[in-house]
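This report goes through one protein model in short sections. Keep the sequence and the structure in view while reading.

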Amino acid sequence: MKDNGVVVYTLYAQFFNDVSVGCNDKSWVLFDPTGRDGEHFGLKLTSQKRQKMNEMVRAANERIQAAIDTKTKSFESRQISLVVADWDTYIGKIKGRFCEDDAAPNPDDNRNLVFQRKDQTHRFTPSERLRL
């Protein structure tokens with residue numbers, strides 16, 4: 001990279017609304033290879049499990065941020081900027097996570113969902129984003 005460059009690192013957004021209760025009895029199974037009904041098979045998306053998964057995302061982001069902070073110092077002489085793009089707050093404000101209250105229990109009902117969904121007939125695009 002040339003001097004005076006910019007590198008943007010994107011942090012992870014939390015995947016779940018972890019306080020809603022609409023997903024508590026829903027399965028984590030996306031595609032059930034056994035042919036059984038995913039509603040009654042597999043790990044349930046309880047609030048506790050969703051909180052734990054979100055905690056893992058936050059922990060990963062902390063490590064990524066720490067690595068960026070460490071590397072930033074080594075690039076100062078070349079005037080290379082390492083910039084963090086943290087979109088987690090935005091995803092929360094637009095209610096773009098799995099298990100949002102008005103979309104639970106079916107994630108395909110959430111048109112703001114920014115993560116992959118089973119029903120790929122609708123994709124979240126920047127032109128549809130809501131102003132904060």
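## The disulfide

The model is a predicted one. A search of the whole structure turns up one disulfide. Its two partners are C23 and C99, with an S to S distance of 2.2 Å. The link connects distant parts of the chain: C23 belongs to the loop between β1 and α1, while C99 is in the segment after α2 (88-93), and the two are 76 residues apart. A disulfide is a covalent bond between the sulfur atoms of two cysteines.

The torsion about the S-S bond of C23 and C99 is about -110°, so this disulfide is left-handed. Are these cysteines buried or exposed? The cut-off for buried is under 20% relative accessible area. C23 has a relative accessibility of 4%, so C23 counts as buried. C99, at 5%, counts as buried too.

## Overall layout

The protein has two helices and two strands. Along the sequence they follow the pattern β-α-β-α. Of the 132 residues, 30% count as buried. The protein exposes about 9000 Å², and carbon and sulfur atoms supply 53% of that area.

Taking the contacts with a separation of 6 or more, 59% are between residues 24 or more positions apart.

## The two strands

How do β1 and β2 pair, in the parallel or the antiparallel sense? Strand β2 covers residues 81-85, and β1 pairs with β2 in the parallel sense over five bridges. Within this pairing, Y9 stands opposite V84 in β2.

β1 is hardly covered, as the count of buried residues among its five residues is zero. The cut-off for exposed is over 50% relative accessible area; V8 has 52%, so V8 is exposed. Together with V6 and V83, V8 makes a nonpolar surface patch of about 240 Å².

## Around Q14

Q14 lies in the loop between β1 (6-10) and α1 (47-75). Its relative accessibility is 12%, under the 20% cut-off, so Q14 counts as buried. Which residues does Q14 contact, leaving aside its neighbours within four places in sequence? They are N54, V57, R58, D88, R97 and F115.

Two of these contacts of Q14, R97 and D88, also meet each other through their side chains in a salt bridge, at 3.1 Å from N to O. Side chains of opposite charge can pair when their charged atoms come close. Both R97 and D88 are buried. The count of salt bridges comes to one.

R58 has a relative accessible area of 34%, which lies between the 20% and 50% cut-offs, so R58 is partly exposed. Leaving aside neighbours within four places in sequence, R58 is in contact with Q14 and Q51.

R58 can also be placed relative to L11. These two residues are 47 residues apart along the chain, and their C-alpha atoms are separated by 9.1 Å.

Terms used
Residues are numbered from 1 along each chain as its sequence is written. This is a predicted model: local features need pLDDT of at least 70, side-chain atom pairs count only at pLDDT 80 or more; totals for chains, interfaces and linings use all residues. Side-chain values use heavy atoms; hydrogens and water are left out. Helices (H or I, at least four residues) and strands (E, at least two) are DSSP runs, numbered from the N terminus. Buried means under 20% relative accessible area, exposed over 50%, partly exposed in between (1.4 Å probe, protein chains only). Contact means heavy atoms within 4.5 Å. A salt bridge is a side-chain nitrogen of Lys or Arg within 4 Å of a carboxyl oxygen of Asp or Glu. Patches are made of residues with over 30% relative accessible area and no salt bridge: like charges are joined within 9 Å, nonpolar side chains (Val, Leu, Ile, Met, Phe, Trp, Tyr) within 5 Å. Accessible areas come from the Shrake-Rupley method with a 1.4 Å probe; for residues, only the protein chains shown count as cover. A disulfide is a pair of cysteine sulfur atoms within 2.5 Å. Two strands pair if DSSP finds at least two bridges between them.
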